[in-house]
Number of protein chains: 2
Amino acid sequence: MARPRTHDEALRLKLLDRAGELIAADGPKALSLRKLAADAGTSTTAVYSLFGSKPDLVNALYTEGFRRFGARMAGTPLTGDAVEDLVALGSAYRASALADPNLYGIMFTKSVPGFEPNEDAEELARETLKPLERIIRRAIADGVFVDVPPETIAVGCWAIVHGLVSLELTGNLPEEFDVTGAYEAALRANASGWLRPQNSGSIPS
Amino acid sequence: MARPRTHDEALRLKLLDRAGELIAADGPKALSLRKLAADAGTSTTAVYSLFGSKPDLVNALYTEGFRRFGARMAGTPLTGDAVEDLVALGSAYRASALADPNLYGIMFTKSVPGFEPNEDAEELARETLKPLERIIRRAIADGVFVDVPPETIAVGCWAIVHGLVSLELTGNLPEEFDVTGAYEAALRANASGWLRPQNSGSIPS
DNA sequence: CGCAAAAAATAACAGCGTTCCGATACGCTG
DNA sequence: CAGCGTATCGGAACGCTGTTATTTTTTGCG
C-alpha cells in the first residue's frame, strides 16, 4: 500500500545518542536539528516524523537523563543513619550532574529555552526523588528528625544539593576550593539542622 | 568633522530599559535585537554601536541586576544573631529573585545561552555577597559557628538559598506548599547546622 | 503493469544575530 | 558661503536557526 518507513526505532536511538553527544560537547546552544540530521546521515524531516519538534526531542533527552539519574539514586547503598544516607544521596546527585553537566542543565535548570517537559517526563522526574522521601519519613517516624512535614525537609535537601551543584557547574565556587569536602560538610550541616535537639550532639568539625 | 551621534546615553538607557521589560515579560528567548530596536524606534545597528553585541547588552542587564541585588543585600537590617541574620539575608535574596525572575535567571542560572559576564561584572557580583561573609566570619570568631573555612559556610548558605529559589522559580515545588514558611525553616535548619555543639540547643520546631 | 498512497528529501519561509555598504549630515577648510 | 572629508547611521545582505509546504521517491495492491 505504501512505502515502508526507514525512520525507525534504530534511527530514533541514533539521533538521541548523537543529540546527547552534541549537547555534552558544546552545550544546548550547539544542538541544531540540521547538524544533527546531517551527522546522522538523514534529513531534518526525520526529526519531525520521529519526535515532532525540537522540544520533543529534548524531552526524550530529559527522560533518558532522569532514567539514569533515578538508577543512580535508587542504587545508592543506605546505612539507616538518616544524616549519612542524605549525604550519600547528595553525593550520588552530584556525581550524576558531573557525569553529564549539560544533561543536568536540561533536567534541572531549563537550559534549553523553548523546552518544557511533558506530564510523563515530569512524573518520572518526581519518581526519582522517592528514595529521599523514604529516608526522611522514616527519620521523622523514628523521632530522629523534627516533626515537620516531610516535604519541607525534602525540599531543603534537594535545594542544597541542587544549589551546590549549580554553583559548581556555573563556576561560581572560589578558586582552590575543596569542593568534595565542602559539599559533604554542607550536606551534613544541612541534614543535622533537622535533627531533634536530643539527637543533635554530633556536629561535623 | 563628522556627523554627530544620535546613539547616545539616552538611547542606551532606553534600550536597556526596554530589554529588561522584554525579558521580564516573556523570558530571555523573547529578547530579539530586531524587536528591541524596532520598539525603541531605531535600528539594530544602534545596539551594536552602543553595546557591541547581544551578549554585551545582556552583560549590562546582568550588571544592573547585581546593582539592585547588592543594594537589597547591603540594606538588610541585621541583628547580630548569626542564624537570624542569615535567614534575613536569605529572605532578601528570595525577594530579589521574585521581583524579577527572568533577571535572576540571567544573573544566576545562565539563562541566556551565549552570555558570559565580563570580569568587571563578575567582580561586582562577588561584591554583593560580602555581607554574607561578614556575618559568617564574625560568628566563627565569636565561637558561635564551628571553626571551618568561612568560604565553606558561605557556599553552603548561598547554595541553599539559590537552590530553593531555583526550585521555586522552575516550578519544582509541591502544590499547596507553604513556600515562605518552608524557606525560612530550611534556612534556619541550614544555619543551625553550623552552630558549635554547645550553641545548638535551640532548634526550630 | 499502472495507480494510489505513504514516506522521505528537498526547498521554501520566517526569524535570528551579525556584518557590510551606501546614504547622510555635520565641521572644517578654502 | 561652497565643498570636501569623515564619522555615523539605517537598510540590505549573509549565514544560520526551527518549522512547514511541496515535490520526489518508493512501495503494495488491483
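Chain A has ten helices and zero strands, where helices (H or I, at least four residues) and strands (E, at least two) are DSSP runs numbered from the N terminus. This is a predicted model, in which local features need pLDDT of at least 70 and side-chain atom pairs count only at pLDDT 80 or more, while totals for chains, interfaces and linings use all residues. Residues are numbered from 1 along each chain as its sequence is written, and chains are lettered from A and ligands numbered from 1 in the order in which they are written.

Colleague: What percentage of the 205 residues in chain A is buried?

Modeller: A residue is called buried if 20 or more other C-beta atoms, placed from the backbone, lie within 10 Å of its own, exposed if 12 or fewer, and partly exposed in between. The C-alpha atoms of chain A fill a box of roughly 75 × 45 × 25 Å along the principal axes. Of the 205 residues in chain A, the buried share is 38%.

Colleague: By what rotation is chain B superposed on chain A?

Modeller: The copies are superposed by least squares on the C-alpha atoms of residues with pLDDT of at least 70 in both. The shift along the axis is 0.0 Å and the RMSD is 0.1 Å, for a rotation of 180°. The two copies are therefore related as by a two-fold rotation axis, and the rotation asked for is 180°.

Colleague: Which helix gives the largest share of the side of chain B that touches chain A?

Modeller: Two residues are in contact if their C-beta atoms, placed from the backbone, lie within 7 Å, and on that basis the contact takes 37 residues from chain B and 37 residues from chain A. On the chain B side, helix H9 (150-169) and helix H10 (179-192) each supply at least two residues. The largest share, twelve residues, comes from H9(B).

Colleague: Is H9(B) largely enclosed or exposed?

Modeller: The expected span of a helix is 1.5 Å times one less than its number of residues, so the 20 residues of H9(B) should span 28 Å, in agreement with end C-alpha atoms that are 28 Å apart. After H9(B) comes Gly171(B), whose phi is positive, near 70°. Because 16 of the 20 residues of H9(B) are buried, the rest of the structure leaves this helix largely enclosed.

Colleague: Which residues have the most contacts inside the largest nonpolar core?

Modeller: A nonpolar core is a set of buried Ala, Val, Leu, Ile, Met, Phe, Trp, Tyr and Cys residues joined through C-beta atoms within 7 Å, and the largest has 108 residues. Leaving aside residues up to four places away in sequence, Leu86(B) touches Ile135(B), Cys157(B), Leu187(B) and Ala191(B). Those with the most contacts inside the core are Leu86(A), Ile160(A), Ala186(A), Leu86(B), Ile160(B) and Ala186(B).

Colleague: What is the phi of Lys110(A), a residue that is not a glycine?

Modeller: Lys110(A) sits in the loop between helix H6 (101-108) and helix H7 (119-127) of chain A. Lys110(A) counts as buried because 21 other C-beta atoms are within 10 Å. Its phi is positive, at about 50°.

Colleague: Is Thr180(A) buried or exposed?

Modeller: Thr180(A) belongs to helix H10 (residues 179-192) of chain A. Its C-alpha atom is separated by 9.5 Å from that of Arg94(A), 86 residues apart along the chain. Because Thr180(A) has 10 C-beta neighbours inside 10 Å, this residue counts as exposed.
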